[in-house]
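Opening the notebook on a new model today. I'll jot down what I look up as I go.

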Amino acid sequence: MTFDYDLIVVGCGPAGFSCAMQSSKFDKKVLVVEANSDHLGGTWINTGTIPSKAIREAAKTIHRFHSQFGDEKGRRPFERFQMEDLLQYQQAILESKNRKVKEDLIKNEVDTVRGFGRLTDPHTVEVTDTDGSKKSYSAEKILLSTGSKPRPPANKIASNTEILDYESILDLTHIPRRLVIMGGGINAFEYATIFGSLGTRITILNDQQDYLTYLDHEIKEELKKAIAKRQITVWNGVTVNKIEKNDLRNCREVWFKTNQEDRIQVIETEHILYFGGYEPNTKDIGLEEQGIGLTEEKFIPVSEHYQTRVESVYAAGDVIGFPTLASVSFVQGRLASCHMFDIPSKNSSDNIPFGIYTIPEMAGIGLTEKDAEKLDLEVTVGRASYENVTQADLNHINEGLLKLVFSTKDLKLLGVHIIGENATDLIHIGQSVMTSNGDIRYFIQNVINYPSFTEAYRIAAFNGVNRVYKAGVKYRNILNS
Ligand SMILES: Cc1cc2nc3c(=O)[nH]c(=O)nc-3n(C[C@H](O)[C@H](O)[C@H](O)COP(=O)(O)OP(=O)(O)OC[C@H]3O[C@@H](n4cnc5c(N)ncnc54)[C@H](O)[C@@H]3O)c2cc1C
């Protein structure tokens, strides 16, 4: 049987892009179908990862400058800078990233077509153009990587007023003085600390009893201090009853109660930002008709090789559910390509790091101290406060903690947990040591650039070794073995 292409990729976010690129390197003829007529790059470049991180960088720069040099007129950041300044900073980055994606596809001879893709048989994708015209393309393999969109509130709680989501917040015309954020996940805390750093008064209404429960307990304590410093208030166990506009007071009112108290509280705010998770783009793409089906949570079910119930059709990225990250989608797209074209490839290690781009940022990998306790492992921790890291002094940064969790017996590194500047980069040093089965002596026996944030590893390793020594193991033996 002959096909128009070896591979058709439906949706050009990180999963689709990496699958297309990897397949082109295998000398495969690839077509990318993208529904967005303006941009390739999906949520990754246009509404999620990159825009939020670009605005964050702009906010960090403003905050750092402002806290170090102040303002001659005593203005707060949101009085001095406009949303337009942040959006301009962001726009240049989005344009450059979109351009690079387009150029990479062209350079690698990947064809692209704009329109809505739908599977019509195991080897055919029908593409509907914006003017309604349809054209079909066939391929030996197909990847569904249509991503996700913001999930709206389940109940109709807002009358006569708008609730923002991660797409519409990018249309704000000014930096709000007050912002209520509904949600208790990563995105809620990222946006809270971005606007909190600009002087916006933030209230987070979290419907769960707690938040970010997988963080190491000491990192969470540091986060709590950091958010309190930025005047961010968090309410847990919240039910929002209604949201309405108060024209008289020119504000929006959020009526809520917590499960601790019966009384209804009302907060006045300028805007409400809602983070209720992601809704996979699985509607009308031919899943039911082709027998691919959906999981209970409405994601596409796949095997460990990202293959759906139809042998020639694969799926990757947000459409297959957890962990819905660009970082993971890149890997999934590449691994799907290797499997579809029979190219051997090692699956990545089970130890997946996470990065949370709050200000200050956080990252972690492996066991927390409490995880190790639950597993009855004998572990010791080593800590480095950023107050002792010279590079942090140079940057005028006094918040941050790097924590190593290691086996007391043989010093093997079992976990790294960081809050502070460069945490999302620093974590990969710990990841390298862990994936090569290394121990904390690595950070003592190797030269580490000075000054650098990496020095935190050396300080934490010495701190850890001192504790083991106190626990009765001979120092000399530790460092010589
Ligand atoms: C605010 C926010 C911040 C985030 N921050 C991070 C972060 O810091 N780090 C991180 O790793 N992840 C982050 N993420 C998650 C990350 O953006 C997503 O996990 C990632 O973009 C998913 O990639 P994807 O390839 O599945 O799809 P997407 O990036 O969603 O792209 C899917 C593409 O498919 C297209 N499409 C949809 N349906 C069709 C169709 N039928 N036919 C043709 N094309 C179609 C869409 O137009 C889109 O271009 C963040 C997300 C949000 C919302």
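Predicted model: local features only at pLDDT ≥ 70, side-chain atom pairs only at ≥ 80, totals over all residues.

Burial came up first: 43% of the 481 residues of the protein count as buried. My cut-offs: a residue is buried with 20 or more other C-beta atoms within 10 Å of its own, exposed with 12 or fewer, partly exposed in between, and the C-beta atoms are placed from the backbone. Numbering runs from 1 along each chain as its sequence is written.

Overall shape next. I got a radius of gyration of 25 Å, which agrees with the value near 23 Å that a compact globule of 481 residues would have. That radius is taken over C-alpha atoms, and the globule rule is 2.2 Å times the number of residues to the power 0.38. The C-alpha trace spans about 70 × 70 × 45 Å along its principal axes.

Domains: I have domain 1 (5–149 + 279–340), domain 2 (155–276) and domain 3 (360–480). The bounds come from an automatic or database domain assignment. Between the C-alpha centres of domain 1 and domain 3 I read 35 Å.

On to the cores. The largest nonpolar core holds 78 residues, and Ile181, Ala192, Ile272, Leu273, Leu404 and Ile418 have the most contacts inside it. A second, separate core has 48 residues, including Tyr5, Cys12, Ile50 and Leu144. A core here is a set of buried Ala, Val, Leu, Ile, Met, Phe, Trp, Tyr and Cys residues joined through C-beta atoms within 7 Å.

I also looked at Leu404 by itself. Beyond four places in sequence, its contacts include Val381, Leu413, Ile440 and Gly464. Contact means C-beta atoms, placed from the backbone, within 7 Å.

What surrounds the ligand? I count 36 residues, and the closest are Gly11, Gly13, Gly42, Gly147 and Gly317. The criterion is a C-beta atom, placed from the backbone, within 6 Å of the molecule. Elements that each supply at least two shell residues include α1 (14–25), β2 (30–34) and α8 (326–340). The shell splits into 13 nonpolar, 20 polar and three charged residues. In that scheme Ala, Val, Leu, Ile, Met, Phe, Trp, Tyr, Cys and Pro are nonpolar, Asp, Glu, Lys and Arg charged, and the others, Gly among them, polar.

The Phe322 to Pro323 peptide bond is cis, with omega near 10°, and Pro323 sits in the loop between β16 (313–315) and α8. The bond from Ile359 to Pro360 is cis too, with omega near 0°; Pro360 is in the loop between β17 (354–356) and β18 (362–366).

Gln231 has a positive phi of about 55° without being a glycine. I place Gln231 in the loop between α7 (217–229) and β10 (232–235), and Gln231 counts as exposed because it has 12 C-beta neighbours inside 10 Å. Asp376, not a glycine either, has a positive phi of about 60°. Asp376 is exposed, with 6 other C-beta atoms within 10 Å.

Glu253 is partly exposed, since 17 other C-beta atoms lie within 10 Å.

Key. Contact = placed C-beta atoms within 7 Å. Helix = DSSP H or I, 4+ residues; strand = E, 2+ residues; numbered from the N terminus.
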